[in-house]
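Okay, everyone, thanks for coming.

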Amino acid sequence: MFIVLGLLLAGAATGYLFRGRTFFKAIDQSTAYTIYAMLFIFGITIGANEELINDIAKFGMQATLLALSAILGSIVASYFAYKIFLKKGGRLEK
């Protein structure tokens, strides 16, 4: 866990130091495609797991409750972030 957080902080620091460079803008454009590919591979991995697929009914209600809670929490958090960080004109405050 600390390795992941450390890599995240190192990446954020690197991005901050080199912002505006053309090389990093090209990386920014490929990020969405990388995430799509990772989600697709994750779905294949889940679909290939027979034990998980067989027990999907058992985990269905709990998974649905967790997913709906996560969605609701994200909506509430984004609402408050919008109210705190954005002005009436839709521009970020400095």
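Before I go through the order of the elements, a word on what I'm calling a helix: it's a DSSP run of H or I, at least four residues, and the numbering goes from the N terminus. And keep in mind that what you see is a predicted model.

So, from the N terminus on, the elements run α-α-α-α. The radius of gyration is 19 Å, well over the 12 Å that the globule rule gives for 94 residues, so this protein is more spread out than a compact globule. If you put a box around the C-alpha atoms along the principal axes, you get roughly 50 × 35 × 25 Å.

How much of the protein is buried? Buried residues come to 0% of the 94. We count a residue as buried under 20% relative accessible area. The protein exposes about 9,000 Å², and 71% of that is supplied by carbon and sulfur atoms.

Let's start at helix 1. It has 16 residues, and from first C-alpha to last it reaches 22 Å, close to the 22 Å you'd expect at 1.5 Å a residue. The number of buried residues among those 16 is zero, so helix 1 lies largely in the open.

Now for the surface. There's a nonpolar patch of about 630 Å², made by Tyr 16, Leu 17, Phe 18, Phe 23, Phe 24 and Ile 27. Helix 2 gives the most, with three. Leu 17 is one of the patch residues, and its place is in helix 1. Leu 17 has 62% relative accessibility, so it counts as exposed.

Next up, aromatics. A search of the whole structure turns up two aromatic pairs. One of them is Tyr 33 with Tyr 36: the ring centres are 6.3 Å apart and the planes sit at 80 degrees, so that's an edge-to-face pair. These two tyrosines, Tyr 33 and Tyr 36, both lie in helix 2, three residues apart, which is about one turn of the helix. And are they buried or exposed? Tyr 33 and Tyr 36 are both exposed.

Then there's Tyr 79 with Phe 80, where the centres are 5.5 Å apart and the planes are at 70 degrees, so this pair is edge-to-face as well. Tyr 79 has 48% relative accessibility, so it counts as partly exposed. Phe 80 has 48% too, so Phe 80 is also partly exposed.

At 42% relative accessibility, Tyr 82 counts as partly exposed. How far is Tyr 82 from Glu 51, C-alpha to C-alpha? They're 31 residues apart in sequence and 42 Å apart in space.

That's my tour, so over to you.

Methods
Residues are numbered from 1 along each chain as its sequence is written. This is a predicted model: local features need pLDDT of at least 70, side-chain atom pairs count only at pLDDT 80 or more; totals for chains, interfaces and linings use all residues. Side-chain values use heavy atoms; hydrogens and water are left out. Patches are made of residues with over 30% relative accessible area and no salt bridge: like charges are joined within 9 Å, nonpolar side chains (Val, Leu, Ile, Met, Phe, Trp, Tyr) within 5 Å. Accessible areas come from the Shrake-Rupley method with a 1.4 Å probe; for residues, only the protein chains shown count as cover. A salt bridge is a side-chain nitrogen of Lys or Arg within 4 Å of a carboxyl oxygen of Asp or Glu. Buried means under 20% relative accessible area, exposed over 50%, partly exposed in between (1.4 Å probe, protein chains only). The expected span of a helix is 1.5 Å times one less than its number of residues. The radius of gyration is taken over C-alpha atoms; the globule rule is 2.2 Å times the number of residues to the power 0.38. Rings of Phe, Tyr and Trp (its six-membered ring) pair if their centres lie within 6.5 Å; planes under 30 degrees apart count as stacked, over 60 as edge-to-face and the rest as tilted.
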